[in-house]
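Please consult the sequence and the structure alongside the text.

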Amino acid sequence: MNEDSYEHDVVTSHFENTTDFGEDDKWETSATLVRYWVETIALPIVLSLGILGNLLNMIILTRKQLQAKMDEMEKSGHIFLIALAVSDFLFCVAEFPLGFMHRTIIYDSECFMLYYRVYHSGIINMFILSSTALTVVMAVSRATVVLFPLRARSCMTLTKVKVTLVLVYVISAILALPRYWTLKIRNYGTKSKGMYMADIGVLNDPDYKQGYLVYKLLWSLIGAVIPFILLIISNVCLIKTLRKSFRMPDCHGNRSVTSSSNRLTHILVAIVIIFLLLVFPAEVLKLISIFREESSTSPNFEIAAIVTNFMQSLNFTLNFILYYSINVPFRKTVLDFFRCITMEQNAQCQRNVNSTYRHYKFKSFVSTPIVSTQSAQSQCIEMSATHTFVLEIKEVKPDTNLKKETEI
């Protein structure tokens with residue numbers, strides 16, 4: 001996310017307004033309206049779908065059915081997809097409260113939303129950097145596999161892949177640490193009544209402002225410029241490889257292996273293209289705001305920042321649709337997963353009906369020793385209809401001895 005716009009919201013509203021953001025400046029009316037519809041209405045919906053989609057990604061990608069016919073190279077790429085789903089899921093969870101972070105900047109107590117307003121930039125940017133790094137590592141490793149398969153086979157082991165994942169998460173968390181000191185909580189109230197606000201942090205002080213500017217330039221270099229170059233080069237190599245594989249005839253009967261490898265390449269190409277289209281416009285605006293601070297205060301820039309931030313959030317919610325539409329084994333695994341859930345629910349319901357029927361039959365025979373065949377059948381059929389199951393009703397024959405005694 002472009003956190004500069006959120007920090008700008010808090011700081012300017014604290015020093016310029018005494019109520020909500022943008023109520024006393026006419027030029028901010030349009031930006032406030034766009035922010036309301038995007039962050040309060042559209043963003044929670046998109047992030048809810050992203051949470052559900054990435055959760056399904058983690059469930060489906062970890063099933064043994066999908067990994068049964070993969071070799072070690074494909075499993076390595078598969079592990080990266082799982083790690084990307086985890087990072088995207090955590091991003092959606094971390095950004096979800098943003099839709100409920102109202103423009104009121106004064107809090108009566110140190111509540112969750114106050115802490116979230118101060119520290120959400122570090123958490124969100126940490127997962128943005130981890131997802132960016134995972135996308136770059138996947139694209140570069142896949143390009144290395146298709147260009148230098150023999151060398152890649154010795155390098156792309158499962159142990160090295162797991163070590164790479166740990167390094168990606170750790171480095172992303174370390175690089176995001178300075179963002180936790182951009183804002184701080186301050187109490188302007190009294191002992192009897194609190195008035196808590198998000199105020200300027202240490203890194204926004206004049207003494208540290210130049211150092212923070214250098215940090216943001218370094219962040220843009222690591223999180224935007226270098227990934228952009230690597231992703232463009234890797235994607236060009238992958239697209240060329242796909243075109244060659246389509247033109248070459250299958251002379252050795254390895255069509256299944258080739259198609260499996262091409263599916264993974266297709267997925268990575270689509271991930272990279274969507275990533276470039278949705279993520280990097282926000283990073284471009286961030287670079288512009290660094291070199292031209294006066295532009296970040298204009299209404300057009302404010303609206304552009306809101307829209308590009310939403311586009312960046314949208315990138316973390318589309319992978320499930322992407323996998324489902326491109327990867328046939330993934331689609332079959334999803335259908336089998338839901339089919340198994342449905343069958344388990346039906347089996348559980350069938351067991352409940354059977355136990356209810358047995359309990360009903362036992363209870364009816366104990367309470368009433370003489371039961372007519374017609375009434376027993378009608379009662380059981382009525383009970384089976386309520387459970388939407390057709391039960392096999394056995395004919396209950398009355399006891400002849402009991403019948404004779406009753407006649408006497």
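## Terms and basis of the model

Angles under 35 degrees count as roughly parallel, over 145 as roughly antiparallel, 65 to 115 as roughly perpendicular and the rest as oblique. Such angles run from 0 to 180 degrees between N-to-C directions, and the axes are lines fitted to C-alpha atoms, for helices over the stretch in contact.

The model is predicted: local features need pLDDT of at least 70, side-chain atom pairs count only at pLDDT 80 or more, and totals for chains, interfaces and linings use all residues. Residues are numbered from 1 along each chain as its sequence is written, and side-chain values use heavy atoms, with hydrogens and water left out.

## Overall composition

The protein contains 14 helices and 2 strands; helices (H or I, at least four residues) and strands (E, at least two) are DSSP runs, numbered from the N terminus. Of its 408 residues, 42% are buried, where buried means under 20% relative accessible area, exposed over 50% and partly exposed in between (1.4 Å probe, protein chains only).

A contact requires heavy atoms within 4.5 Å. Among contacts with a separation of 6 or more, 76% join residues 24 or more positions apart.

Helices α4 and α5 pack at an angle of about 165°, and their axes are 9 Å apart. The two helices are therefore roughly antiparallel to each other. Their crossing is left-handed, meaning that the near helix is turned anticlockwise from the far one by less than a right angle (right-handed if clockwise). The contact of α4 with α5 comprises 17 nonpolar, 5 polar and 2 charged residues. In this classification Ala, Val, Leu, Ile, Met, Phe, Trp, Tyr, Cys and Pro count as nonpolar, Asp, Glu, Lys and Arg as charged, and the others, Gly among them, as polar.

Helix α4 (residues 72–95) also packs with helix α7 (residues 158–175), at an angle of about 20° and with axes 10 Å apart. That angle makes α4 roughly parallel to α7. The crossing of α4 and α7 is right-handed. On the α4 side, the residues that meet α7 include Ile 79, Phe 80, Ala 83 and Ser 87, and those of α7 include Val 161, Leu 165 and Tyr 169. By class, this contact of α4 with α7 has 8 nonpolar, 3 polar and 2 charged residues.

## Ser 130 in α5

Ser 130 belongs to helix α5 (residues 112–147). Its relative accessibility is 1%, so Ser 130 counts as buried. Beyond neighbours within four places in sequence, Ser 130 is in contact with Ser 87, Val 168, Tyr 169 and Ser 172.

## Helix α10

Helix α10 (residues 299–315) has 17 residues and spans 25 Å from its first C-alpha to its last. This is close to the 24 Å expected at 1.5 Å a residue, the expected span being 1.5 Å times one less than the number of residues. Its buried residues include Phe 301, Glu 302, Ile 306 and Phe 310.

## Two partly exposed residues

Arg 63 lies in the loop between α2 (28–61) and α3 (64–67) and, at 27% relative accessibility, counts as partly exposed. Arg 63 touches Thr 333 and Phe 337, not counting residues up to four places away in sequence. Arg 63 and Phe 337 are 274 residues apart in sequence, yet 9.4 Å apart in space, C-alpha to C-alpha.

Asn 187, in strand β1 (residues 183–187), counts as partly exposed at 36% relative accessibility. Leaving aside neighbours within four places in sequence, Asn 187 is in contact with Gly 194, Met 195 and Tyr 196.
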